Each structure stands twice: as C-alpha cells, then as structure tokens.
Amino acid sequence: MRKLKQRDMNRTDAPEIKLIEQVDLPQFELLHLDNGVPVYVINAGEQEVVKLELMFKAGKWFEEKNLVADYTNRLLREGTTKHNAKAIADKFDFYGANINTGVGYETGGAVLYSLTKQIDHLLELLLEIFTESTFPDKEFETIISNKKQKFSVELKKNEFLANRNFVNALYGQNHPYGRVTEFEHFDQMNTADLKAFFKKYYHASNLTIILSGRFNKDLVKKINQFFGSKNWSGEKASENLTYNIESAKELIQHTDKADSVQSAVVLGNISINKKHPDFLKLSVLNTVFGGYFGSRLMSNIREEKGYTYGIYSSFVSYPHGGFIEIASEVGKEVREATLNEIKYEINHLRNELIDEEELQIVKNYMSGRILRSIDGPMKFSETMKGLILYGQDVSYIQQLLKTVREVSSKELLELANKYLDYDKMYKITVG
C-alpha cells in the first residue's frame, strides 16, 4: 500500500461532509411480566452494569392538588413498613448502587443503577418502596420546611421568576403546564393526599419498565418474580384528562427589580409537540435559530453584540402540548436591544433562504447528536423512554435522520413563516 505523502494532502480544503443515511440501532426486546407490565430489554454494552427504570403514569398531569405528584415521589424513600429512610439508603450504599426518584408531567418513578452482580440484592427493596411506602409525617414536615426555604431563595432569582411567569402566561394557573407554585400550596397538602395519590397511580397497571445494560437473561425472570404479581394492580390512569388553556391577554410583561444588573428574558408561544408531522423539520429550523452553540442567536447576541453569555431557543414538547421558548439573561441596559435582535433573527428566517453551507453544518451537527443519543444501552434507554411517552417506535429515529438529511431551505422558510411570529410571542422580562 502506498504511503500518503505530505505533499498529497491539501490542508486548505475542509473534508467533505457526508450525512448519515441510516444507523444500526441497538437491539431490544419488548416482553411482558405475568401481570402484563411491559418491559423493554436492551441487553448490550461491555460493562457489567445495569440500569433499571420504573415509569408509572403518576406525573403532575394527574394530580388534583399542586405539588402532590412531586412530593409523593419525593417521599418514596423516606420509609416503608419494613425499613426507615436510613436503612433504605444504607442498603443501596452497601451494594454500591444508586437510585434516583423523579417526576415529570406524565410519569413518576425511579431509576436504579447497579453492578450486574449486585442487583439481585436490591429488587425486593425496590419493590417494597413502590408497594409499602408509609409517607411518615415527621419526614414530610422536614422536607416541606426545607423546600419552603429554598423556594424563598428561588423567588429572588430573575431567571426563575421569568420562567414561571412565562409558562403561566401561556397556559394559565389551572393547566398543569402553566401552574406555578405559591407558598400556600405547601400548606394545602398533607400525607393523606400523598398516600391517596400513591395508591391510585403507583401500581402495575400504570407501570412500564426499561432494563438496559449487560446482564444474564435470568434477570428478567427475577424482575418478573418481584414485579409481575397479578395482585399488584389497580385502575389505569385516565387517557382522557383535559384542562382548559387560559392564556394571558398581555403579550408583554415586565417585572422591575431596581437592584438587578441583569434582566432575564423569555419569549415564546404555544406551538406543536413531537406528535405533529412538522416537528422533525421544525427541529432543524430551531437548531439553525437557537438550538446549538453555533446558532444565529448565539452568533448575533453573544458573539457579535456581547449582550449575554448564552441564549437558546427550543420547541419544548410534552405529551399533551408544546411551545417555543427563547431564553437568556442579559445586561439590564441592553434588554430592549436584545429583544430587537431576536426579532431581527426571526424575520431573517421568515424572509431569506438559509444558506446551503450553514444548513449543511447544522445537518452534520444534528446527525452527530442523533448518533450520541443511541451510543450504548443506557443512552438508548433514554431515547426509548422518549419514544414510549409519545407512543412512537424506533422508526422515528430513522425518520429523523432522513428528515435532517433531506429537508430543504425552502421548506424551512415556509416553516419559519408558519411557526415563528415575533408579534404573537409573549415577551416576559424580569430585572
């Protein structure tokens, strides 16, 4: 084979960008426990570690009182009929495992990370947390007291205030996506509310499991042994819950803070979510606009003007809706100038075709990001979780790659005129 000589290289020409046409996705199986619980199994990777995620239809969408879903989930590890909080924490620590509980708008649950050889010792305790939690009053009062103090601190931050004012303006206080917490909400719930929510939503009929990592197939049988009981069931969470959207009439809202040197700026309006056929192409448009470090918003407002350390835009998607959000923190004296530059960039996208070179850079960036999202069983499990929430299958990933590869500047111009309208956006500023 001829060696490549130094003179054969032309270092002044960048290598040609070749977009990915298709990816080989990690293999997975969809199994069902004896009680019907779906289990997505991704058995891959080199390291002998396991990630076990339990997702219950127990998110904020289903709560009747603000904060109940959050604190039901938060108190799961504070005591069961057999173990107190310290004993639970000690056992996970002893086996070198890590458990994180969390809740979103649609689901609540936990993620357990463990060495493969140790997970057998933890399944019984994990089941106990989701079937025998006691929600002790003392721990509840301590957690609420601490959270009130943190909440007081958060309310002094411009960014926090701007974000809560923004979602509240979009959806209103009676909608889960727009509901903001007030101090009285902490006092309006009690452990009886948490126990009722736990009983209603944390059971096998609302459960989906994602198992990823490197493990023996016997692990699925052991999971079935603990989580597959037919006695552990209840009424499925309603698929028909709806809430009225009560958007604010005022598109421009400013909260003045005389002692602030910076202003938080948030703009946007209600838009589409991942279920809409335009969403994939719109994700390309958003990346050009403000979705990565080389975006137009960053190039203009950070690099050229020096108004901020960072600015981004995103089309936020939830199972029951979505919105576009543009956010930054800027010097107080350049707040209005920043809004003008955002307007300029929106109008630029609406009136001029994106240059092919710029579009190719964005396409290449997005292709790489897609590859990273499926790199390894645990990252792929996160991607799978997103697909499950929207009732989609893995063909969505190939479809996204195809869209990134084929979408044209003309299509993006049409989408900009359809979904980006500065005059219809809420402009929320604090500081």
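Leaving aside its neighbours within four places in sequence, which residues is phenylalanine 227 in contact with? In this predicted model, where contact means heavy atoms within 4.5 Å, phenylalanine 227 is in contact with Leu33, Asn35, Val37, Leu54, Leu123, Leu126, Leu127, Ile209 and Trp232. The model is a prediction in which local features need pLDDT of at least 70 and side-chain atom pairs count only at pLDDT 80 or more, while totals for chains, interfaces and linings use all residues. Residues are numbered from 1 along each chain as its sequence is written, and side-chain values use heavy atoms, with hydrogens and water left out.

**Nonpolar cores**

- Phe227 belongs to the largest nonpolar core, which has 73 residues, and Leu52, Phe130, Ile209 and Phe227 touch the most other members.
- A nonpolar core is here a set of buried Ala, Val, Leu, Ile, Met, Phe, Trp, Tyr and Cys residues joined through side-chain atoms within 4.5 Å; buried means under 20% relative accessible area, exposed over 50%, and partly exposed in between, with a 1.4 Å probe and protein chains only.
- Helix α5 (residues 158-171) gives the most to this core, contributing seven residues; helices (H or I, at least four residues) and strands (E, at least two) are DSSP runs numbered from the N terminus.
- A second, separate core has 52 residues, including Val23, Ile42, Ile342 and Leu401.

**The six-stranded sheet**

- Six strands form an open sheet of mixed pairing in the order β1-β2-β6-β3-β5-β4, two strands being paired if DSSP finds at least two bridges between them.
- The edge strands of this sheet are β1 (29-32) and β4 (98-103), each of which pairs on one side only.
- Neighbouring strands of this sheet are turned by 15 degrees against each other on average, direction ignored.
- Strand β4 pairs with β5 (residues 108-115) in the antiparallel sense over six bridges, and glycine 102 has glycine 109 as its bridge partner in β5.
- Helix α3 (residues 123-131) packs on the sheet, where it touches β3, β4 and β5, and its direction makes about 15 degrees with that of β3; axes are lines fitted to C-alpha atoms, for helices over the stretch in contact, and angles run from 0 to 180 degrees between N-to-C directions.

**The five-stranded sheet**

- Five strands form another open sheet, again with mixed pairing, in the order β7-β11-β8-β10-β9.
- Strands β7 (252-255) and β9 (311-318) stand at the edges with a single partner strand each, so one side of each is left without a neighbour in the sheet.
- Strands β7 and β11 (residues 426-430) run parallel and are joined by four bridges, and the bridge partner of threonine 255 in β11 is valine 430.
- Eight of the 10 residues of β8 (residues 262-271) are buried, so this strand is largely enclosed by the rest of the structure.
- Strand β8 pairs in the antiparallel sense with β10 over 10 bridges and with β11 over five bridges; asparagine 269 has isoleucine 324 as its bridge partner in β10, and valine 265 has threonine 429 in β11.
- Helix α9 (residues 279-291) lies across β9 and β10 (321-331), running at about 160 degrees to β9.

**Two buried loop residues**

- Lysine 60, in the loop between β3 (49-56) and α1 (68-74), counts as buried because its relative accessibility is 14%.
- The side chain of lysine 60 makes a polar contact of 2.9 Å with the side chain of aspartate 70; a polar contact is a pair of N or O atoms within 3.5 Å, of which, within protein, one must be able to donate a hydrogen and the other to accept it, and residues adjacent in sequence count only if both atoms are side-chain atoms.
- Tyrosine 422, in the loop between α15 (409-419) and β11, counts as buried at 11% relative accessibility.
- Not counting residues up to four places away in sequence, tyrosine 422 touches Leu267, Leu339, Ile342, Lys343, Ile346 and Lys427; tyrosine 422 and leucine 267 are 155 residues apart in sequence and 8.6 Å apart in space, C-alpha to C-alpha.

**Helix α11**

- In α11, the buried residues include Leu339, Ile342 and Ile346.
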